[in-house]
Amino acid sequence: MSAKEYRTAASAQGGLLTVRGAHGIAFGDRVQIRDHRNRQRNGQVIRAGVDEVLVQVFEGTEDIDLESTWVRFLDQPLEMALSPEILGRIFNGLGEPKDGRPPIVSSLRRSVSAGAINPAARTYPREFIQTGVSTIDGLNSLVRGQKLPIFSASGLPHNRLAAQIVRQAKLVDEESHFSIVFAAMGVSYSDAQFFQEEFASSGVLGNVTMFVNLADDPPVERLALPRVALTAAEYLAFDLDRHVLVVMTDMTNYAEALREVATAKGDVPARKGYPGYLYSDLAEIYERSGRIKDRHGSVTLVPVVSMPSDDITHPIPDLTGYITEGQIVLSRDLHARGIYPPVHISPSLSRLMKDGVGKDFTREDHPRVAAQLYALYARALETRNLASIIGADELSERDRRYLTFADEFDRRFVGQGEDEDRSIVETLNVAWELLSMFPKDALTRVSETDIAKYYHGGGA
Amino acid sequence: MSEKVKVGRIQEINGPIVTVELAGLRNGEQVRIGEIGLVGEVIALDGPRALVQAYESTEGVRPGEPVRGLGHPLAVELGPGLLGSIFDGVQRPLATIFSQSGDSIPRGLDIPSLDRGKRWAFTPNDALELGTTIAGGSILGTVQETGAIEHRILVPPLLSGELTELAPAGEYALDDAIGRLRTPDGQTHKLFLYHRWPVRTARPYLRRDHAVEPLITGQRILDTFFPLLKGGKAAVPGPFGAGKTVVQQQVARWSNADIVIYVGCGERGNELVDVLETFPELHDPYTGRRMMERTLLVANTSNMPVVAREASIYVGVTLAEYFRDQGYDVVMLADSTSRWAEALREVAGRLGEMPVEEGYPAYLASRLAAFYERAGRVKTLAEKTGSVSLIGAVSPPGGDFSEPVTSHTKEIIQTFWALSKELADARHYPAIDWTSSFSAHVSSAARWWAENIDPAWEAKRAEALKLLARDAELARIVNLVGPEALSSAQRWELEAAALVKEGVLQQSALDAVDTFASPQKQFLLLDLILTIYEKGADLVQIGVPVQELVGLPLLARARRLKQVYGSEQITDLQAFMDEIRAEFDRIRLEYAKFQEHAAT
């Protein structure tokens, strides 16, 4: 079937265009729109009726008039052209070049809405990735094929942390570095610039594919961007056998674009005006990470989610947390105290850590040391709370030790330099220095063998 | 299918909702949509038009393409080959699909749920004689499906009549007739190793019985504090990261059910892979057989089509009822019912139905209740006893238990395992909050514990809960005025409560020893720690300084008992009781001497 062109737009509102009299148009098909000034826009069919078709216009419906707008149905889904040349390139949310260089020429084009990976085709991710960041490696380890978001908020250094992870991420026993897919949705020019300079200065730029939609670019394009970016990531991972680290920022901008379009469509809102399908929609994105049987490559996903008003129960971080395999939570309080990276370990979690650390992966004491640090820090935070009420002087000697521990932990374990790339052994050594502040009896989560081997405190 | 296939045309495609023009469809009827043949289900009728929900993505489908009505509702295939398998939300075999079609699931597949090629060794039921009348649900014979489970071949529940033919022992494939039955109206029906059953209809049974026996999960906070009976219904609500999945997986691993059905409903793909990869390695502590031999997975991961998610829990519970009808105790875990409710909401929203609470349709509560009602302990049509226990995870938005799915579920279930973010943040696992959890089964469970383990169970359990309640009360005081305000007796109570929390309630799913505790071990641990509390309280009473007790190395050891002694080392645990007695007697004696000395 050849592409059909119509000049029968019936309504244009909120990024949506209705076209009458178009017959047999497939749901999900790609659309090209030419407006009265002959500028081209892109769209996708989101409702297909016998006589009326609803098109979502990625560039928005600003400045469109109904009479002189031509709509062309391309009879193909939204696709991305793929070749090894995509590395080192910058694209927009639809996969079109944004770096002034020619488009990718390739016979390989793939629909950006991949079918769900068959769970029977997956293998369980278990290879430890060393990020060089103690709070992640030591307590919330990332493994290859995991999806682990950074929950942040405005003004916190999530971009710096994400860039540090990109620079430092490696496997302990292999010298293979990651290929990077960077997906920016609704970010400011300076943030996009920051990442680009980071990639350039660390010499990885040739190994990065960037997809950029700036804050002043059309919001509807953000709906396509993560799918386009992940199509590229899957190609690099499962066709070219690379390990791919996908950094997406900021998923909150994505969800807001989704709400904008849903509202225009008249979808029934669930929470805070977000549509009821926000969960499924986010899952379609996040679940594309993973490992597949008999494939060498992997897709590891680190999305940045900024929590509106620092609220972790807001629908976007909330639903994200239900889909992803844990979360790294940044804290305004730690940031205010000058600690970088301000990772608040209590609400942070890595669900896949249990199978990626320990004897065969990092070091045998690792899981128990992590449990012990968590238990002591939880107790220490309670003590800190108590001290803020009754004053530190009123505390018993035992409690004061916890207070010192909390401060030292924040300073030495959580805090580290932006260029400090700690190996997992270094991280565990810092951990044991902190554990050794306590008498042996207080360490009930580590084993007696661990204590004999690593403990070097003076206490009984 | 015997009915004539009806063909109509697609009118409109709106995501998973397709409007079709096709008269004569029934509500609930299965349809095939478009040239590609997507699977769907009729959800509403309006004159010659019908609304259909598609179980697969409708991308690329056009108005004007054909739609075929199949004449039957969504049904599952019930027969040998179920165990150890992984199915999608509409019972398509995912492992077969993977080997045939690769990494992702192609659309419009027409592939039977159960393997037609495989031959099963069938042994006919000796007790059956040709010419006698047999009822629906009777056992025709058996197939040893796995080492652990004998699959009992049932007459389809709604069929009864004279048995005119029954195959001799031998190997049969699913499509080979293994018998014939003549109904009173003179029709002859072939009988096979499998039959089909519509998922939205509960399977019939003779009568319901009271649940009497606890489901032992090997998890102390569940078995000892908030028991669930076989045939009961439980909910596990909790915010993300609180450990719902681990609790469910632990129950799947260690519960003393015959069959475990795990429905991953809108959850993570990797979690199902975890089960698929680890269960074949694990051994069932009761039979010693491989865990996968008694397990069956239904998977609709969060990125799979949302409409199949709605169907997946019905598919799961129908499979559960089928094994119940063979006389087995079945546990079905649904992770998570919130995703199911959201699927309901999404479809309702697309139909333009009036939302009531948080966008959910008005029938949310009744659908939930009807689903959980399929749990129970029954006398089957074959006069055997079987049960289905339902455990549903709930994922409340923002961890708010007052939201509609959690609050409606709470009205329906009998056992409530509430997970808490605070406990999880402090890495107190399982993060089940003892103050907001409950079980309506305690007195029934107490009878079982009294007969099988120890008559003191109910009293010890109550004592521990009382101590934990005191702990919460005292913690409030400490937070207001500091620890100095507490009396010695109160400080000992705090210490003892900490012992209960660390030594009994906390249980590591990752520790090889601690991951499972037999009822005997559970009771002993609790008894030991409460003995320390009582003995210590006596000493504090006579004036022994509480600091002296808090520093005892015995307490650190008591905290580690759970990991040191396995469920088979009961005598070692009993020996620790003597150590406790000896240690506290020694302190009492020393203190008496000290006082004598002070007096003189």
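Helices (H or I, at least four residues) and strands (E, at least two) are taken as DSSP runs and numbered from the N terminus. The structure is a predicted model, in which local features need pLDDT of at least 70 and side-chain atom pairs count only at pLDDT 80 or more, whereas totals for chains, interfaces and linings use all residues. Residues are numbered from 1 along each chain as its sequence is written, chains are lettered from A and ligands numbered from 1 in the order in which they are written, and side-chain values use heavy atoms, with hydrogens and water left out.

In chain A, two residues other than glycine adopt a positive phi. Asp241 of chain A has a phi of about 60° and is not a glycine; A:Asp241 is placed in the loop between α4 (221-239) and β18 (243-249) of chain A. With a relative accessible area of 40%, A:Asp241 is partly exposed, where buried denotes under 20% relative accessible area, exposed over 50%, and partly exposed the range in between (1.4 Å probe, protein chains only). A:Ser309, likewise not a glycine, has a positive phi of about 50°. The loop between β20 (298-306) and α7 (315-323) of chain A holds A:Ser309, and this residue is exposed, its relative accessible area being 74%.

A cis peptide bond was also identified in chain A, running from A:Tyr340 to A:Pro341 with omega near -10°. A:Pro341 belongs to the loop between α8 (332-336) and β22 of chain A. In chain B, the peptide bond joining B:Asp335 and B:Ser336 is cis, with omega about 10°. B:Ser336 is located in the loop between β22 (329-335) and α6 (337-350) of chain B.

The loop between β22 (349-350) and α9 (366-390) of chain A contains A:Asp365. A:Asp365 has a relative accessible area of 0% and is therefore buried. Its side chain forms a polar contact with the side chain of A:Arg363 at 2.8 Å; such a contact is a pair of N or O atoms within 3.5 Å, of which, within protein, one must be able to donate a hydrogen and the other to accept it, and residues adjacent in sequence count only if both atoms are side-chain atoms. When residues up to four places away in sequence are not counted, A:Asp365 touches A:Leu428, A:Trp432, A:Asp450 and A:Tyr454, contact meaning heavy atoms within 4.5 Å.

Chain B comprises 16 helices and 26 strands. Its C-alpha trace spans about 105 × 55 × 40 Å along the principal axes, and 60% of the 600 residues of chain B count as buried. Of the contacts in chain B with a separation of 6 or more, 70% are between residues 24 or more positions apart.

Domain bounds, which come from an automatic or database domain assignment, divide chain B into domain 1 (6-73), domain 2 (115-193), domain 3 (207-273 + 302-441) and domain 4 (457-599). The centres of domain 1 and domain 3 of chain B, taken over C-alpha atoms, are separated by 31 Å. Their contact involves 11 residues of domain 1 of chain B and 8 residues of domain 3 of chain B. About 790 Å² is buried between domain 1 and domain 3 of chain B, with carbon and sulfur atoms giving 71% of this area; buried area is the accessible area (1.4 Å probe) that two parts lose on being put together, summed over both. On the side of domain 1 of chain B that touches domain 3 of chain B, strand β5 (residues 49-54) of chain B gives the most, with 3 residues. Between domain 1 and domain 3 of chain B, 0 salt bridges were counted, a salt bridge being a side-chain nitrogen of Lys or Arg within 4 Å of a carboxyl oxygen of Asp or Glu. Across this interface of domain 1 and domain 3 of chain B, 0 residue pairs are in polar contact (both at pLDDT 80 or more).

Chain B also contains an open sheet of 4 strands in the order β10-β13-β15-β16, with antiparallel pairing. Strands β10 (133-134) and β16 (188-191) of chain B stand at the edges, each with a single partner strand, so one side of each has no neighbour in the sheet. Two strands are considered paired if DSSP finds at least two bridges between them. Strand β13 (residues 161-166) and strand β15 (residues 179-182) of chain B pair in the antiparallel sense over 4 bridges, and B:Leu163 has B:Leu181 in β15(B) as its bridge partner.
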